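I set out to record what I looked up in this structure, entry by entry.

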Amino acid sequence: MKKFILGTAMALVMSTAAHAETVGVSMAKFDDNFLTVLRNGMTDYAKTLSGVTLQVEDAQNDVSKQQSQIQNFIASKVDAIIVNPVDTDATTAMSKLAADAGIPLVYVNRQPVNVDTLPDNQAFVASNEQESGTLETKEICRILGGKGKAVVIMGELSNQAARMRTQDVHDVIKTDECKGLEIVEEQTANWDRTQGADLMTNWLSSGIEFDAVISNNDEMAIGAIQALKAAGKDMSKVVVGGVDATQDALAAMQAGDLDVTVFQDAAGQGQGSLDAALKLAKGEKIDKKVYIPFQLVTPANVKDFVTKN
């Protein structure tokens with residue numbers, strides 16, 4: 001009888017161990033509002049799953065550090081790896097590291113340069129960037145009545161999302177409805193609020209005139225707003241748009257300073273990437289690209305999004 005009980009207990013332990021999974025997570029950086037929501041969404045979701053452990057690392061916006069983290073995950077024999085890339089042009093080497101080790105890898109939020117040639121046990125979870133800049137720019141075009149001058153604030157140029165969102169702006173302006181819009185300045189502020197403020201201050205000091213600010217993300221848009229207000233500009237006469245619908249951005253919209261943003265479900269992407277990683281770890285087949293839709297946010301519906309990001 002004792003042997004039977006002991007054997008049953010051992011079987012339960014082995015069964016639990018067999019279903020326990022460790023996932024290594026390398027985030028581009030912790031010091032980013034949107035990525036913090038994404039990371040928290042992932043970790044909060046993991047707490048609801050039995051036997052799932054996350055090892056979350058901060059790459060501190062350093063490609064070399066991120067590659068080292070992936071190598072350490074492989075050495076630790078994690079069951080799967082999730083990467084929010086520092087540089088989306090550096091993902092081919094990361095994919096090879098994981099593929100050679102036979103460990104599933106999921107990219108989240110930032111589209112890898114090799115997205116169309118990912119190995120069988122790798123995937124990409126995000127939102128379709130062709131929607132984000134398009135929704136933002138179309139709404140700004142509508143507010144301006146299809147004509148006016150705009151400045152464009154870009155994210156990190158090494159990042160696919162920044163390049164795509166900026167291309168979206170140009171594509172919308174080429175349409176018949178919006179061809180009256182003119183881009184008078186276009187520079188990067190590296191996704192950063194302070195750099196966004198500094199860039200706007202420089203533009204204002206140079207005497208550049210514009211009717212709209214089209215920013216690749218909310219943080220830079222908020223920085224631009226701070227600089228505009230510090231310069232005494234009437235915010236009712238400048239249309240400002242961003243992307244992400246962070247809580248700070250939604251507060252700025254409710255205050256009447258931000259006119260447009262685009263909800264990108266950060267927590268949903270975090271949860272989706274973990275689901276994908278766990279399925280791949282179990283040998284299940286999933287789509288190579290998993291897209292979570294963007295949604296336009298304006299003062300008319302801002303209250304619907306206040307608790308989402």
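Which residues in α5 meet which residues in α6? Before answering, I note that the model is a predicted one.

**Entry 1: α5 and α6**

I found that E129, Q130, E131, S132, G133, T134, T137 and K138 in α5 meet Q160, A161, M164, R165, D168, V169 and V172 in α6. By class, I recorded 4 nonpolar, 6 polar and 5 charged residues in this contact of α5 with α6. Helix α5 covers residues 129-144 and helix α6 residues 160-173. Their axes are 8 Å apart, and the two helices pack at an angle of about 45 degrees.

**Entry 2: α7 and α8**

I next looked up helix α7 (residues 193-205) and α8, whose axes come within 7 Å and cross at roughly 45 degrees. That angle makes α7 oblique to α8. For the handedness of the crossing of α7 and α8, I wrote down right-handed. On the α7 side, the residues in the contact are R193, G196, A197, M200, T201 and L204. They meet E219, M220, I222, G223, A224, Q226, A227 and L228 in α8. The contact of α7 with α8 holds 8 nonpolar, 4 polar and 2 charged residues.

**Entry 3: I225**

I then turned to one residue of helix α8 (residues 218-230), namely I225. Is I225 buried or exposed? I225 counts as buried, because its relative accessibility is 5% and the cut-off for buried is under 20%. Leaving aside residues up to four places away in sequence, I found I225 touching M235, V240, D257 and L258. I also looked up its separation from G133: C-alpha to C-alpha, I225 and G133 are 19 Å apart in space, and they are 92 residues apart in sequence.

**Entry 4: α2 and α10**

I looked up helix α2 (residues 33-47) and helix α10 (residues 266-281), and found that their axes cross at roughly 45 degrees and come within 7 Å. That makes α2 oblique to α10. The crossing of α2 and α10 is right-handed. In α2, the residues F34, V37, L38, G41, M42, Y45 and A46 take part. Their partners in α10 are A266, A267, Q269, G270, Q271, S273, L274 and D275. I recorded 9 nonpolar, 5 polar and 1 charged among the residues of the contact of α2 with α10.

**Entry 5: aromatic pairs**

How many aromatic pairs are there? I noted a count of 2 aromatic pairs. One of them is F124 with Y291, an edge-to-face pair with 6.3 Å from centre to centre and 90 degrees between the planes. F124 lies in strand β5 (residues 122-126) and Y291 in strand β11 (residues 289-291), so this pair ties together parts that are 167 residues apart in sequence. F124 is buried, with a relative accessible area of 1%, whereas Y291 is partly exposed at 35%.

I then looked up F263 and F305, whose ring centres are 5.3 Å apart and whose planes stand at 50 degrees, so the pair is tilted. F263 is in strand β10 (residues 261-263) and F305 in the segment after β12 (295-297), so the pair ties together parts 42 residues apart in sequence. I recorded both F263 and F305 as buried.

How values were computed:
Residues are numbered from 1 along each chain as its sequence is written. This is a predicted model: local features need pLDDT of at least 70, side-chain atom pairs count only at pLDDT 80 or more; totals for chains, interfaces and linings use all residues. Side-chain values use heavy atoms; hydrogens and water are left out. Axes are lines fitted to C-alpha atoms, for helices over the stretch in contact, and angles run from 0 to 180 degrees between N-to-C directions. Helices (H or I, at least four residues) and strands (E, at least two) are DSSP runs, numbered from the N terminus. Angles under 35 degrees count as roughly parallel, over 145 as roughly antiparallel, 65 to 115 as roughly perpendicular and the rest as oblique. A crossing is left-handed if the near helix is turned anticlockwise from the far one by less than a right angle, and right-handed if clockwise. Contact means heavy atoms within 4.5 Å. Ala, Val, Leu, Ile, Met, Phe, Trp, Tyr, Cys and Pro count as nonpolar, Asp, Glu, Lys and Arg as charged, and the others, Gly among them, as polar. Rings of Phe, Tyr and Trp (its six-membered ring) pair if their centres lie within 6.5 Å; planes under 30 degrees apart count as stacked, over 60 as edge-to-face and the rest as tilted. Buried means under 20% relative accessible area, exposed over 50%, partly exposed in between (1.4 Å probe, protein chains only).
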